[in-house]
Amino acid sequence: GSPFKSIYLKNNIANSEDIRCKCICPPYREVEGQIYKQNVSLKDCNCLHVVDPMPVDGKDVEAYCLRCECKYEERSSGTIKFTIIMYLSILGLLLLYMVYLTLLEPMLKRRLFGHSQLIQSDDDVGDQQPFANAHNVLSRSHSRSNVLNKVEHAQQRWRRQVQEQRKSVFDRHVVLS
């Protein structure tokens, strides 16, 4: 009758998939080994409450149950669902980015590069210095390659640091052994 009891029952039912008792019972006489799972509370996590139907008769129940190993397991399905959704979202974003890099970016570069060639050819008609625009393009590509060189240098430095750390860890391991 109390509202607290109904809330408790609702929470218990909602979380029943997150708790279970798992009993692993080895072979006993003519009975094969088996795994039993039930959604029960921690206090009811034992052979008598989980193993259903009992494969042995009354006098062998105690001997059979003593051989069974029962463990109470608890998990958070909400956390599991959230983690899977995040993982799939990140994977989807990476796939979209890969599609962009492989399909759309080259098409956009061709359009922009083709468009800039048309503009440059229009400018070159009245220009006394035909290589002035080429110099601008080369200086821009040089600054890009400079950035790439810096990134590559940083990667190499990072790799050296990782190798040094590995070496020091293995040296310490040898000293400790």
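Arg-20 is partly exposed, with a relative accessible area of 28%; here, buried means under 20% relative accessible area, exposed means over 50%, and partly exposed lies in between, as found with a 1.4 Å probe and with protein chains only. The model is predicted, so that local features need a pLDDT of at least 70 and side-chain atom pairs count only at pLDDT 80 or more, whereas totals for chains, interfaces and linings use all residues. Residues are numbered from 1 along each chain as its sequence is written, and side-chain values use heavy atoms, with hydrogens and water left out.

## The chain as a whole

The protein chain holds 5 helices and 3 strands, where helices (H or I, at least four residues) and strands (E, at least two) are DSSP runs numbered from the N terminus. Read from the N terminus on, these elements follow the order α-β-β-α-α-β-α-α. Of the 177 residues in the protein chain, 12% are buried. The chain exposes about 15,300 Å², and carbon and sulfur atoms supply 60% of that area, which comes from the Shrake-Rupley method with a 1.4 Å probe.

UniProt, in an unreviewed entry, lists residues 84-103 as "transmembrane region"; such positions are given in the numbering used here, feature names are shortened, and annotations may be inferred rather than shown by experiment. In the model, this span is 100% helix and 0% strand, and its end C-alpha atoms lie 28 Å apart.

## Salt bridges

Side chains of opposite charge can pair when their charged atoms come close. A salt bridge is counted when a side-chain nitrogen of Lys or Arg is within 4 Å of a carboxyl oxygen of Asp or Glu, and the whole structure contains 3 of them.

One of them joins Arg-20 and Glu-73, with 2.5 Å from N to O. Because Arg-20 belongs to strand E1 (residues 19-25) and Glu-73 to strand E3 (residues 69-74), this pair ties together parts that are 53 residues apart in sequence.

Another joins Asp-60 to Arg-29, with the closest N and O atoms 3.2 Å apart. This pair also links distant parts of the chain, since Asp-60 sits in the loop between H2 and helix H3 (61-67) and Arg-29 in the loop between E1 and E2, 31 residues apart. Lys-71 and Glu-69 form a further salt bridge, in which the closest N and O atoms are 3.7 Å apart.

The table gives the accessibility of some residues in these pairs.

| Residue | Relative accessible area | Class |
|---|---|---|
| Glu-73 | 25% | partly exposed |
| Asp-60 | 15% | buried |
| Arg-29 | 61% | exposed |
| Glu-69 | 46% | partly exposed |

## Backbone features

Most residues other than glycine have a negative phi, and most peptide bonds are trans. Arg-29, although not a glycine, has a positive phi of about 50 degrees. Asp-52 and Pro-53 are joined by a cis peptide bond, with omega about 0 degrees, and Pro-53 is placed in the loop between H2 and H3.

## Val-40 and its surroundings

Val-40 lies in the loop between strand E2 (34-38) and helix H2 (47-50), and Val-40 is buried, with a relative accessible area of 15%. Apart from neighbours within four places in sequence, Val-40 is in contact with Ile-19, Cys-21, Cys-45, Val-50 and Tyr-72, where contact means heavy atoms within 4.5 Å. Glu-17 is 23 residues from Val-40 in sequence, and the two are 9.9 Å apart in space, C-alpha to C-alpha. For the protein chain, 49% of the contacts between residues at least 6 apart in sequence join residues at least 24 apart.
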